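Please keep the sequence and the structure in view while reading.

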Amino acid sequence: MIVTVTLNPAVDEEFLVPEFQPGGWFRSKNAIRTPGGKGINVSMMLAQLGYESAAMGFLAGFNGAYIRDVLRKDRITTNFIHVKGETRTNVYIVDESGHIETGLSEPGPYISEEAYNRFLRNYQRMLQRTRLLILGGSLPPGIPQDIYGELIRMAKEYNIPTIVDAAGLPLQSALEAGPTIAKIDHRFMSRISGISLTSLDNIIEVVSKLHDQGVEWATTSYHIYGDVFFTPKGIYLALAERRSVVSLFAAADALITGLIVGGEEGMDVEDRIRFAMACAWEDSMHVEKGFSSRKAIEALMPRVQLERFD
Ligand SMILES: O=P(O)(O)OC[C@@]1(O)O[C@H](CO)[C@@H](O)[C@@H]1O
């Protein structure tokens, strides 16, 4: 089974506010409320493309109950530890006219040692039924910063491939454990490598070193130009057109979904990148998270430009 881990889920509230700016009173044209958090988004997007998965992590309060119910309606297996407090709400203000997004995130509920240990026992049991694991997002208070490294090491004992999308210390600990695929936070890599990743050469120099840590695929964004993919078959720069972008906040989750589906369907490296980029692009063309249809994604694939570096 494909398993996604979201330790700090969120209810995402997107408000559509044309010409939003700080310091004023605005009325939203519309508000969209959806379950969120990186692993949960991947589970929901996989479901849209016909792939089953199980979602794990921590849920709390009314928001937690709402997330669990929506996931179950989407036929996603839920395996969460319920804790005291309230799952966070993350607010996004989307100004479609100027294609600008503003985000605001809560810290999430405190996770006690007892709840954390319950999660680890649950995770250990789940690993016996897992064939691909996705770890995504920030950590709620109370969770050790090196948890992703620990979870990847445990998965490796069962030879389970892992995909991680995180930032800061949690990403660092994940990279030390050598995930199969890593979505690299660009600013964080600049900070830990001490090299400013403003040029493609610098990105290639820094990210290439991750192969030595066992990372098979890595991807990172390269400014507004696109995404760089480090694959077993070489390094690629992939570009999508920006004109049609409305909302980018879940595009990285769509990209990961595309990489998963491409892997599941045995696509070759270039088609897998094109499919992942087309997923991210299609997701970003509308305010609602996810995809209009698989056909819409496939229609974008030939428009993704790929450049290979030797
Ligand atoms: O605070 P984190 O966990 O890093 O990110 C949380 C989040 O921004 O990630 C998703 C988009 O990738 C949203 O659904 C959610 O609100």
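In the contact between helices α1 and α8, the residues K38, N41, V42, M45 and L46 of α1 meet D253, A254, I256, T257, I260 and V261 of α8. By class, the residues of this contact comprise seven nonpolar, two polar and two charged. Helix α1 spans residues 38–48 and helix α8 spans residues 251–264; the two pack at an angle of about 50 degrees, and their axes lie 9 Å apart. This angle makes α1 oblique to α8. The handedness of the crossing of α1 and α8 is right-handed.

The model under discussion is predicted. Its average pLDDT over the chain is 92, and 98% of the residues score at least 70. The scores for the model are ipTM 0.99 and pTM 0.96.

The crossing in which α3 passes α4 is right-handed. On the side of α3, the contact is made by Y116, F119, L120, Y123, Q124 and L127, and on the side of α4 by I147, L151, I152, M154 and A155. The contact of α3 with α4 has ten nonpolar residues, one polar residue and no charged residues.

How many of the ten residues of α4 are buried? Seven of the ten are buried, so α4 is largely enclosed by the rest of the structure. These buried residues are I147, Y148, G149, L151, I152, M154 and A155. The elements that cover them include α3, β8 (132–136), β9 (162–165) and α5 (168–177).

T219 is located in strand β11, which comprises residues 217–222. With a relative accessibility of 3%, T219 counts as buried, because the cut-off for that class is under 20% relative accessible area. Neighbours within four places in sequence set aside, the contacts of T219 are A182, K183, I184, D227, V228, F229, L255 and L259.

M301 is placed in the loop between α10 (294–300) and β14 (305–309). Is M301 buried or exposed? M301 has a relative accessible area of 15% and is therefore buried. Apart from neighbours within four places in sequence, M301 is in contact with D271, R274, F275 and A278. The C-alpha atoms of M301 and I273 are 9.2 Å apart in space, while the two residues are 28 residues apart in sequence.

D74 is also a loop residue, located between α2 (61–73) and β5 (77–83). At a relative accessibility of 33%, D74 counts as partly exposed. Once its neighbours within four places in sequence are left aside, D74 is in contact with M44 and A47. From D74 to R243 the separation is 169 residues in sequence and 31 Å in space, C-alpha to C-alpha.

Technical notes. Residues numbered from 1 in each chain as written. Predicted model: local features only at pLDDT ≥ 70, side-chain atom pairs only at ≥ 80, totals over all residues. Heavy atoms only, no water. Axes fitted to C-alpha atoms, helices over the stretch in contact; angles between N-to-C directions. Helix = DSSP H or I, 4+ residues; strand = E, 2+ residues; numbered from the N terminus. Parallel < 35°, antiparallel > 145°, perpendicular 65-115°, else oblique. Left-handed = near helix turned anticlockwise from the far one by under 90°. Contact = heavy atoms within 4.5 Å. Nonpolar A, V, L, I, M, F, W, Y, C, P; charged D, E, K, R; others polar. Buried < 20%, exposed > 50% of the residue type's maximum accessible area, 1.4 Å probe, protein only. pLDDT = per-residue confidence, 0-100.
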